[in-house]
Amino acid sequence: MDKLTPLLDRAPTPEAIRLLSPKDLPRLANELRAEVISAAAETGGHFGGGLGVVELTVALHYVFDTPRDKLIWDVSHQAYPHKILTGRRERIRSIRQRGGLYGFTKREESEYDPFGAAHSSTSISAALGMALARDLTGGGNHVIAVIGDGAITGGMAWEAMNHAGSLPSRLIVILNDNGMSIAPAVGALNGHLAALRRGKLPSVFEGLGFRHEGPVDGHDMKALLASLRRARDTEESGPILIHVVTEKGRGHPFKAPDKEKYHAVGKFDPVTFAFKTAKANAPTFTQVFAASLIAAAERDPKLVAITAAMPSGTGLDIFAERFPNRTVDVGIAEQHAVTLAAGLASEGMTPVCAIYSTFLQRGFDQVVHDVALQRLPVRFAIDRAGLVGQDGATHAGSFDLAYMAMLPGMVVMAPADASELRRMVATAVAYDEGPIAFRYPRGEAAGTDDALERRPLAIGRGRLLREGTDVAILSLGARLEAALAAAQELAALGIAASVADARFCKPLDTELVEGLARHHPLLVTVEDGAIGGFSSHVLQHLAAKDLLGRTRLRAVTLPDRFVAHGAPAEQYADAGLDSRAIAAGIRAALAT
């Protein structure tokens with residue numbers, strides 16, 4: 001037994017926690033908080049939200065009969081303490097590492113994770129579905145959704161509350177109000193929660209049919225237990241919302257203040273608390289985008305940048321420092337962000353909608369109906385394209401090439417390096433004929449970043465970078481570096497490869513594609529997107545031109561499965577998109 005964590009050692013599961021005395025629970029919470037910090041020192045990760053719900057996590061598992069009672073965490077950044085208390089303490093230092101625990105809740109990982117959640121605003125819908133299933137089958141368990149104040153800004157949460165408030169089904173919603181999600185909370189709802197914290201009622205939740213309780217101090221174990229027990233034991237029908245006020249990052253060991261309460265951290269020294277961060281050798285794609293957008297906004301007074309609760313993740317926090325009145329953060333509301341941009345475009349503005357690829361999926365209907373159908377010139381800056389490392393499959397930008405490029409009138413670009421991204425920002429800002437998108441990955445940008453680069457590209461024109469006769473490699477986006485490295489490996493074996501950068505998925509550079517097909521016995525497309533993206537457009541064009549008899553086509557895409565979390569290099573090797581796999585695939589194809 002560890003001398004520092006005697007209660008945590010005695011209570012590795014909720015069943016054991018429920019054998020403790022209530023007076024032991026504050027000590028257990030202190031030990032749990034220390035364990036989260038110790039684990040984060042070794043692995044990094046999302047630990048700010050978890051530190052804020054330590055007492056709440058202990059109280060929930062103490063009061064409710066989990067896993068029989070269903071506990072759903074939204075978005076599950078908050079779930080590190082939950083994982084430690086549900087039999088996964090021994091593996092917590094593997095979190096977000098290849099083969100280790102997932103950074104969010106995951107059904108396959110534990111019976112205590114009844115629903116996977118890595119995007120936001122889904123918990124109340126899922127919980128209501130579970131409650132209805134319980135009622136229809138005669139069950140008697142409780143269903144509890146824990147939703148953050150940022151996640152509750154998402155439209156799905158309100159759709160679910162609108163439904164739940166009209167039903168007699170028992171449902172418990174815990175609103176974790178810490179004043180921020182990743183960035184400080186925004187919008188009128190944030191003001192309403194602040195008023196509730198000051199004791200000004202009635203609440204909007206009561207108007208929706210919820211019995212409202214709170215605010216409750218989320219770090220007062222006695223108050224939490226009393227509130228949760230009342231919710232558990234009441235005989236009243238219908239949904240209950242408990243407003244719990246917490247401090248994100250509570251107890252974090254760092255001296256320097258941080259506006260995001262250390263939402264996610266890298267590894268750090270557990271003694272000095274100094275971060276173990278490697279010095280960047282180059283600017284990231286996100287930084288290049290932000291700098292390029294600022295330069296564009298200097299020239300275009302109508303340019304407005306829009307983000308959905310991710311100002312720092314998209315670089316728009318930097319843009320906002322220069323143009324605070326032309327930066328719009330809509331909260332976790334991607335659908336609204338897209339249609340807001342469409343409204344701006346309809347009035348002659350230059351909207352740039354900067355959203356992660358995986359989050360833009362949530363606004364796809366609006367991209368179709370409100371932007372593409374009306375041919376409005378909304379510029380989509382799609383960050384985190386391709387694989388994203390430790391955040392795993394839920395956050396990977398796997399599908400944007402397929403779902404954007406299939407839309408009529410949509411221009412889709414992907415830069416290979418920093419200079420190309422700067423040119424694509426300039427291209428998008430200058431393009432007024434309809435919607436346009438450019439997608440770029442997380443991490444350092446290849447090439448040289450020239451702050452003066454602002455030449456727009458010719459729409460639908462790629463570039464040939466290397467000439468050979470045996471095989472042509474046609475790359476789209478940031479895997480160009482791997483494609484060039486593969487060509488070098490092949491050259492050492494006497495195989496001469498041409499390498500081209502398509503730049504555009506749509507419109508396709510048909511002259512470049514046809515030339516490569518006519519002059520090479522093998523044409524290999526490379527993209528960090530799912531099947532149905534760039535390679536499908538190339539295949540469609542070659543088939544239409546009867547050129548498939550002139551060359552053999554091989555497509556290197558993400559595999560038809562979700563790629564597990566791990567370091568980016570590990571993920572791309574797993575996916576067959578590193579230089580070694582590309583070269584090996586070409587050798588095998590030439591040998592047949």
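Strand S15 (residues 471–476) pairs with S16 in the parallel sense over 5 bridges, where strands and helices are DSSP runs numbered from the N terminus (E, at least two residues, for strands; H or I, at least four, for helices) and two strands pair if DSSP finds at least two bridges between them. Within this pairing Ala472 stands opposite Ser498 in S16. Between the two strands the chain passes through helix H20 (residues 480–492), and the resulting β-α-β crossover from S15 to S16 is right-handed; that is, with the strands pointing away from the viewer, the path from the first strand over the helix to the second runs clockwise. Strand S14 (residues 463–466) is also joined to S16, by 3 bridges, but these two run antiparallel, and here Leu464 stands opposite Ala500.

The model is predicted, so local features need pLDDT of at least 70 and side-chain atom pairs count only at pLDDT 80 or more, while totals for chains, interfaces and linings use all residues. Residues are numbered from 1 along each chain as its sequence is written, and side-chain values use heavy atoms, with hydrogens and water left out.

Strand S16 (residues 497–501) is mostly covered, since 5 of its 5 residues are buried, where buried means under 20% relative accessible area, exposed means over 50% and partly exposed lies in between (1.4 Å probe, protein chains only). Ala497, Val499 and Asp501 point one way from S16, whereas Ser498 and Ala500 point the other way, and all are buried.

Helix H22 (residues 534–544) has Phe534, Ser535, Val538, His541 and Leu542 as its buried residues. Because they cover an arc of only 130 degrees around the axis, they lie on the same side of H22; the arc is that of the directions from the helix axis to the C-beta atoms. An α-helix has 3.6 residues a turn, so residues three or four places apart point the same way. On the other side of H22, Gln540 and Ala544 are exposed. The cover over the buried residues of H22 includes S15, strand S17 (504–506), helix H21 (510–519), strand S18 (522–527) and S19. Just after H22, Asp546 takes a positive phi of about 55 degrees.

In helix H17 (residues 364–372), the residues Gln366, Val367, Val371 and Ala372 are buried. They cover an arc of only 145 degrees around the axis, which puts them on the same side of H17. The buried residues of H17 pack against helix H15 (334–346), helix H16 (357–360), strand S11 (379–383) and helix H18 (400–405).

Which residues have the most contacts inside the largest nonpolar core? In this core of 49 residues they are Leu360, Phe380, Met404, Leu474 and Val538, and H15 gives the most to the core, with 5 residues. A nonpolar core is a set of buried Ala, Val, Leu, Ile, Met, Phe, Trp, Tyr and Cys residues joined through side-chain atoms within 4.5 Å. Not counting residues up to four places away in sequence, Val538 touches Leu474, Leu508, Val513, Leu523, Thr525 and Leu553, a contact being heavy atoms within 4.5 Å. A second, separate core of 47 residues includes Ala40, Val63, Tyr80 and Leu101.

Some polar residues are buried as well. Thr358, in helix H16, counts as buried at 1% relative accessibility. The side chain of Thr358 makes a polar contact with the side chain of His119 (2.9 Å), which requires a pair of N or O atoms within 3.5 Å, and within protein one must be able to donate a hydrogen and the other to accept it, with residues adjacent in sequence counting only if both atoms are side-chain atoms. A polar atom of the Thr358 side chain also lies 2.7 Å from the backbone oxygen of Thr394.

Thr86, in helix H6 (residues 80–88), is buried with a relative accessible area of 5%. Its side chain reaches the backbone oxygen of His82 at 2.7 Å, and a polar contact of 2.8 Å joins the side chains of Thr86 and Arg88.

His565 lies in the loop between strand S19 (552–556) and helix H23 (568–574) and counts as buried at 7% relative accessibility. The side chain of His565 reaches the backbone oxygen of Gln97 at 3.2 Å and that of Gly100 at 3.2 Å.
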